[in-house]
Amino acid sequence: MGRADCLPDSLPETGLQGDVPAAYRDSGRTRDGFRCNMRLLGSSAGSGGGITSVTYDHCAYIGTFFPGNMLGPDIGVRVLDVADPTAPVQTATLTEPAMIAGTWESLKVNAARKLLVGAGVPALTGAGLLSVYDISDCAHPRLLNPGPGTDLALPVPITAHEGGFSPDGRTYWASGTAPGLLSAVDLTDPANPRVLWQGLAGLSMHGFGLSPDGNRMYLANNIGGMKILDVSAVQRRDPEPRVQELADMPWTDGWATQHTVPVTYRGAPYVFAVDEAGSGGVKLIDVSDDRRPRLAQSIKLAINLPENQDSMIASASGGSLFAYDAHYCAADRPADPTALACSWTSSGIRVFDVRDPEVIREIAYFNPPARTNEDAELWNSPHALASIIGPPLLAAPSVAQAILQGQFDPQQALSSRTGTLTFGDLSTDWCFSPPEWRGSQLWTTCADNGFLALELAPTVYTPPADQESTTGS
């Protein structure tokens, strides 16, 4: 895939697309960041941005990462009023047990019902904690369930790592990673969340997207792949609902599949499936036949290609667990999307023109300034806490594949950073949250830089009249 053509006022990458070269990391050049056809309007760093955060109306809700979040001066989910994107203002802090226990990838919003939900996830998988808020006044969320899920004596019987809503907001689905337990929580009465259905969907499952009618779930498989589930019985509220697996689509090109974004092209259903590790990038999958899904297209940066995994090792070493991988994406509308914005670990926020699913091209990116040597200030950053580890361990499968295919040059993998086993630095940021569309703006959160309000150049993106930012759940 070709790289974006940058306007004159950009500060573009100079190496491989998506790469942050070792020389730049070592010299401190990355403290300036990189940008192409996108600029920063405003930010609110706080003590870091957790793993994923979410926005609604003119507000943002900053996720928490346990235990670092507990060590800082402002414990809990920060609520930001972003009515003026150049100057976000904190208006509240949510301190219910689920909010301070670490929200991981569970913090989600349903606009139809004006609900915010988050589950407590202290370490990879959490259990029992779930808080539901009314965000009619988005800057001042109001807790709706002081009993089940919030009262420690009244846990909701779920495991959680990730979560998301059915489109109508009546169901909050929670998925665990160890084991891959999937739970459907009824929020018809938000004050009394109760489990409708529960099942072991696989060994280790991740995020998901749901069809517009709520009847199909496109569930990400941590091993690498996607399952299609018929969840219509839950959506209908059958007395004893059953969930049927319609398809299991595995792949070896990428793993830790993160989530899926259902869209349609000319009325036909597709999903964008995002791989969190293994240089899998983003896959566009045709799900017209939900028993036989078909790969239609792949989106990868140059640094993700097999022939560049040696260069990846040279630059990403010493930066901790992640190398350069996608994490969360948002389409600018569910029907015939014109653009897809994705958070890309160490490569920043990447934006792609997806009007033609057969010809996808990058149009802009913003890689935020590195906060090298500022670890002590970033209590709520998973990047800062993980930086005791040096090598990009989650890239091991893609490196192994490149070696087996004869596409890995050990000499190319050598740099001043290669072999750093402990105490990785913050020479890039880890962007995990979905970049959510607000006209020509994108609102997102990165681990080190916290909340960011970005703006795309009008020459590369024109918001459609029916723009509706969608992450699938």
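**Disulfides, burial and pairing**

Guide: Start with one handedness: the torsion about the S-S bond of C6 and C36 is about -110 degrees, so this disulfide is left-handed. One caution: this is a predicted model, in which local features need pLDDT of at least 70, side-chain atom pairs count only at pLDDT 80 or more, and totals for chains, interfaces and linings use all residues. Residues are numbered from 1 along each chain as its sequence is written, and side-chain values use heavy atoms, with hydrogens and water left out.

Visitor: Why is the pair C6 and C36 called a disulfide?

Guide: A disulfide is a pair of cysteine sulfur atoms within 2.5 Å. The sulfur atoms of C6 and C36 are 2.2 Å apart, and they form a disulfide. The bond links distant parts of the chain, 30 residues apart. C6 sits in the segment before α1 (22-27), and C36 in strand β1 (residues 34-36). Helices (H or I, at least four residues) and strands (E, at least two) are DSSP runs, numbered from the N terminus.

Visitor: Are C6 and C36 buried or exposed?

Guide: Buried means under 20% relative accessible area, exposed means over 50%, and partly exposed lies in between (1.4 Å probe, protein chains only). C6 has 31%, so it is partly exposed. C36 has 0%, so it is buried.

Visitor: What makes the link of C329 and C342 right-handed?

Guide: The torsion about its S-S bond is about 110 degrees, so the disulfide is right-handed. The S to S distance is 2.1 Å. C329 lies in strand β25 (residues 326-331) and C342 in strand β26 (residues 339-344), 13 residues apart. C329 counts as buried at 0% relative accessibility. C342 is also buried, with a relative accessible area of 0%.

Visitor: How do you know that C431 and C446 form a disulfide?

Guide: Their sulfur atoms are 2.0 Å apart, and the two cysteines form a disulfide. With 95 degrees about the S-S bond, this link is right-handed. C431 is in the loop between α7 (396-404) and β29 (436-438). C446 is in strand β30 (residues 441-446), 15 residues away. C431 has 1% relative accessibility, so it counts as buried. C446 is buried too, with a relative accessible area of 1%.

Visitor: How many disulfides does the rule give, and what is the pairing?

Guide: The count comes to four disulfides. With the bonded cysteines numbered in sequence order, the pairing is 1-2, 3-4, 5-6, 7-8.

Visitor: What makes strand β10 mostly covered?

Guide: Five of the five residues in β10 (residues 130-134) are buried. In a regular strand the side chains alternate between the two faces of the sheet. In β10, L130, V132 and D134 point one way. S131 and Y133 point the other way, and all are buried.

Visitor: How do you know that β8 and β10 pair?

Guide: Two strands pair if DSSP finds at least two bridges between them. Strand β8 (residues 115-119) and β10 have five bridges, in the antiparallel sense. G118 stands opposite S131 in β10.

Visitor: How many bridges join β10 to β11?

Guide: Two bridges join β10 to strand β11 (residues 142-143), and the strands run antiparallel. The bridge partner of D134 in β11 is R142.

Visitor: Why is T159 called buried?

Guide: T159 has 15% relative accessibility, so it counts as buried. T159 lies in strand β12 (residues 156-160). Contact means heavy atoms within 4.5 Å. Leaving out residues up to four places away in sequence, T159 touches T125, G126, A127, A174, S175, G176, L181 and S183.

Visitor: Now the whole protein. How many helices and strands does it have?

Guide: The protein has seven helices and 31 strands. Its radius of gyration is 21 Å, close to the 23 Å that the globule rule gives for 473 residues, so it is as compact as a globular protein of that length. That radius is taken over C-alpha atoms, and the rule is 2.2 Å times the number of residues to the power 0.38. The C-alpha trace spans about 60 × 50 × 45 Å along its principal axes.

Visitor: What share of the 473 residues is buried?

Guide: Buried residues make up 62%. Among contacts between residues at least 6 apart in sequence, 59% join residues at least 24 apart.
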